[in-house]
Amino acid sequence: MSNAKLKIAQKLKLKKYRAELNLFTAEGLRLCEMVNPSQIEFGFFTAEFLKSPRQIKLIERLKNFAQMYEIPAATFAKISDTETPQGIMLIVRQKISTPEEILTKKIIVALDAVHDAGNLGTILRTAEAFGCGMAVLEDSADIFNPKVVRASMGAIFNLPIVKLSWLKFLELMKSAGVEILAAALDSTAEIYFEHNFTGKSAIIFGSEAEGVSAEILRAAKKIYIPMSGRAESLNVAQAAAIIISEAVRQNFS
């Protein structure tokens, strides 16, 4: 095996090279079981990984689609992004959907400057579980960051996702007749469960520190989650799960 492949895996820890090479890494047993085989470039595993029939079967299956290289555990640790590597990593081609694909969904989730990788990945997982489309707007964390990929629990492989500027996103939604909503702590906002979600809607969630940007708020109808406890606000991933689940409930009732 050429050291060039190990260097690629090492480079993919950085956003710059993920964008340049159009690749990202998927690491760990469960994630690697969920990758679409057509997206796999190549992969690595260690001898220690081959400790159960499930893991042996996975490596044998993956060898039908891509080159799988056995490397020493110490070498694997250098390319891994986790503190306790499981011993399997796939180099995966990025897949971005078209705006037309997300517009086929009744509910579109949009993220405005969501910086925390764990939150972003969790929202991807929620959106995929509820059958939504996803738009990641400028200044949000990279969706192909290894931490985002892990937090998505495989949702990133199946969820229709586009990356857009907020201006392009608003233009797209307006031209398609999609109602634009924004989660906001605002006295003029509507309580989320009182809103009618039965039409096609795009729900925007903002950064953990500042919320949805003022430019987007001016173009959106504001909704909020009422709280009676002492907490100042909810985690953005929690808020997204609550509002998305209500939108889906209304469409199934």
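## Helices, strands and overall form

Helices here are DSSP runs of H or I with at least four residues, numbered from the N terminus. The model is predicted. By that definition, Arg 150 lies in helix H8, residues 146-151. The protein has 11 helices and 11 strands.

The chain has 253 residues, for which a compact globule would have a radius of gyration near 18 Å. The protein has 20 Å, which agrees. Along its principal axes, the C-alpha trace spans about 60 × 40 × 35 Å.

## Burial, contacts and charge

Of the 253 residues, 48% count as buried. The protein exposes about 12,500 Å². Carbon and sulfur atoms supply 50% of that area.

Helix H4 covers residues 53-62. Its buried residues are Gln 55, Leu 58, Ile 59 and Leu 62. Seen down the axis of H4, they fall within an arc of 95°, so they line one face of the helix. The general rule behind such a pattern is simple. An α-helix has 3.6 residues a turn, so residues three or four places apart point the same way.

The face turned away from the buried side carries the exposed residues Pro 53 and Lys 57. What do the buried residues of H4 pack against? One partner is a helix, H3 (29-34). The others are strands: E2 (40-45), E3 (67-70) and E4 (88-93).

## Gln 55, a buried residue of H4

Gln 55 is found in helix H4. Its relative accessible area is 9%. Buried means under 20%, so Gln 55 counts as buried.

Leaving aside neighbours within four places in sequence, Gln 55 is in contact with Leu 29, Phe 49 and Leu 50. Leu 29 is 26 residues away in sequence. In space, the two C-alpha atoms are 7.4 Å apart.

Thr 25 is found in strand E1, residues 23-27. Is this side chain's residue, Thr 25, buried or exposed? Thr 25 is buried, with a relative accessible area of 8%. Beyond residues up to four places away in sequence, Thr 25 touches Ala 9, Leu 12, Met 89, Leu 90, Ile 91, Pro 146 and Val 149.

Arg 150, in helix H8, is partly exposed at a relative accessible area of 25%. Not counting residues up to four places away, Arg 150 touches Leu 31, Asp 81 and Thr 82. Ser 207 lies 57 residues from Arg 150 along the chain. Their C-alpha atoms are separated by 20 Å.

## Two loop residues with positive phi

Most residues other than glycine have a negative phi. Ala 113 is not a glycine, yet has a positive phi of about 55°. Ala 113 sits in the loop between strand E5 (107-112) and helix H7 (117-129). Ala 113 is buried, with a relative accessible area of 14%.

Asp 139 also has a positive phi, near 75°, in a residue other than glycine. Where is Asp 139 found? Asp 139 is in the loop between strand E6 (133-137) and H8. Asp 139 has a relative accessible area of 58%. Exposed means over 50%, so Asp 139 counts as exposed.

## Trp 166 in helix H9

Trp 166 has its place in helix H9, residues 166-175. Trp 166 is partly exposed, with a relative accessible area of 22%.

Which residues does Trp 166 contact, leaving aside neighbours within four places in sequence? They are Leu 137, Glu 138, Glu 215 and Ile 216. Ser 213 lies 47 residues from Trp 166 along the chain. The C-alpha atoms of Trp 166 and Ser 213 are separated by 9.7 Å.

Key
Residues are numbered from 1 along each chain as its sequence is written. This is a predicted model: local features need pLDDT of at least 70, side-chain atom pairs count only at pLDDT 80 or more; totals for chains, interfaces and linings use all residues. Side-chain values use heavy atoms; hydrogens and water are left out. The radius of gyration is taken over C-alpha atoms; the globule rule is 2.2 Å times the number of residues to the power 0.38. Buried means under 20% relative accessible area, exposed over 50%, partly exposed in between (1.4 Å probe, protein chains only). Accessible areas come from the Shrake-Rupley method with a 1.4 Å probe; for residues, only the protein chains shown count as cover. The arc is that of the directions from the helix axis to the C-beta atoms. Contact means heavy atoms within 4.5 Å.
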